[in-house]
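Here is a short report on one protein chain.

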Amino acid sequence: EIYTLSLHDALPISPLLHDLELRRGEEQLHKHALRIPEVRVMRHEEIVLSGPVLDVVIGCVEDRGIDLVVTASQRRTGAAKLVLGSNAEAILRHLHRPVLILGHACRAGYQPFASIVFATDLPAHSLRAAQYAFALAQEFRAEVLVMHVFPGHQHTAATPPIEQLEMLVPNSPEIRARTRFELTAGSPPQQILAAASQASAGLIVMGVRQHGILADHAPWSTLSAVIASARCPVLAVPAHL
């Protein structure tokens with residue numbers, strides 16, 4: 001099922017005006033859904049809720065057992081150009097579910113997942129993300145690029161060897177035949193985006209270390225920068241769901 005939310009910030013208005021606003025939101029959401037051919041033929045539910053965005057999303061996801069959240073990030077300029085919109089950032093930081101994010105640079109039309117870039121740091125933090133990347137690859141018979149970027153100009157002993165990346169790949173001859181690996185050095189966002197562009201990727205998959213993000217801004221900055229400039233959606237998968 002697809003759950004579509006239109007969120008309104010809670011305002012101190014009368015119950016009558018609140019109900020009118022919700023009904024107007026329901027009408028607008030339904031009209032929008034009718035313009036999407038795939039939604040018209042798919043079993044789905046249209047929901048309009050009111051309240052703080054993060055609380056409403058978490059409550060809806062938990063109550064309905066939703067497995068995947070899809071959201072869009074907002075364009076930022078100046079010093080904050082690599083920062084996600086506040087709603088998307090809050091959802092990513094606090095929701096223990098995979099989140100598919102469409103940045104403002106995403107292509108206008110949908111492209112099948114013929115090619116997937118799976119960007120990983122260390123296998124121990126990427127097992128869950130790898131499961132999603134290769135499950136999607138199997139479903140869409142997609143090519144997969146598994147890559148690790150060492151920040152800097154050259155590889156060091158801390159960089160995981162190819163053998164460690166190979167451990168993330170399912171033991172399926174068909175999947176392994178469509179998987180390749182890349183170890184590179186440089187700016188992680190730039191290298192990931194370049195690889196996605198070269199592969200004409202329809203999806204980038206990245207693991208999210210919740211506690212690491214809060215304690216260290218480097219992984220968060222990489223994810224934010226990739227989302228901000230990626231031409232395809234980015235699937236962010238928490239290490240533990």
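From strand S9, Val-234, Ala-236 and Pro-238 point one way, while Leu-235 and Val-237 point the other way. All of them are buried, meaning under 20% relative accessible area; over 50% is exposed, and in between is partly exposed (1.4 Å probe, protein chains only). In a regular strand, side chains alternate between the two sheet faces. Five of the five residues of S9 are buried, so this strand is largely enclosed by the rest of the structure.

The model is predicted: local features need pLDDT of at least 70, side-chain atom pairs count only at pLDDT 80 or more, and totals for chains, interfaces and linings use all residues. Residues are numbered from 1 along each chain as its sequence is written, and side-chain values use heavy atoms, with hydrogens and water left out.

**The sheet**

Strand S9 belongs to an open sheet of seven strands, ordered S3-S4-S9-S8-S5-S6-S7, with mixed pairing. Two strands pair if DSSP finds at least two bridges between them. Helices (H or I, at least four residues) and strands (E, at least two) are DSSP runs, numbered from the N terminus. Strand S3 (69–72) and strand S7 (179–186) stand at the edges. Each has a single partner strand, so one side of each lacks a neighbour in the sheet. From one strand to the next, the twist averages 25°.

Strand S8 (residues 203–208) pairs with S9 in the parallel sense over five bridges. Strand S4 (residues 99–102) pairs with S9 in the antiparallel sense over three bridges. Some bridge partners in S9 are listed here.

| Residue | Bridge partner in S9 |
|---|---|
| Ile-101 | Val-234 |
| Val-205 | Leu-235 |
| Gly-207 | Val-237 |

Helix H5 (residues 127–140) lies across strand S5 (115–119), strand S6 (143–151), S7, S8 and S9. H5 runs at about 170° to S5. Such angles run from 0 to 180 degrees between N-to-C directions, with axes fitted to C-alpha atoms, for helices over the stretch in contact.

**The cores**

Nonpolar side chains tend to be buried together in soluble globular proteins. A nonpolar core is a set of buried Ala, Val, Leu, Ile, Met, Phe, Trp, Tyr and Cys residues joined through side-chain atoms within 4.5 Å. The largest core has 31 residues; Met-147, Ile-192, Ile-204, Met-206, Leu-223 and Val-234 touch the most other members. Helix H3 (residues 53–64) gives the largest share of this core, four residues. A second, separate core of 20 residues includes Ala-133, Ala-137, Val-169 and Leu-203.

Which residues does Ile-204 contact, leaving aside its neighbours within four places in sequence? Among them are Val-117, Ile-192, Ala-230, Cys-232, Val-234 and Leu-235. Contact means heavy atoms within 4.5 Å.

**Cysteines**

A disulfide is a pair of cysteine sulfur atoms within 2.5 Å. By this rule the count is zero. Cys-106 is in no disulfide; its nearest cysteine sulfur, that of Cys-232, is 6.4 Å away. Cys-106 counts as buried at 16% relative accessibility. Cys-60 is also buried, with a relative accessible area of 2%.

**The whole chain**

The protein chain has 10 helices and nine strands. Of its 241 residues, 41% are buried.
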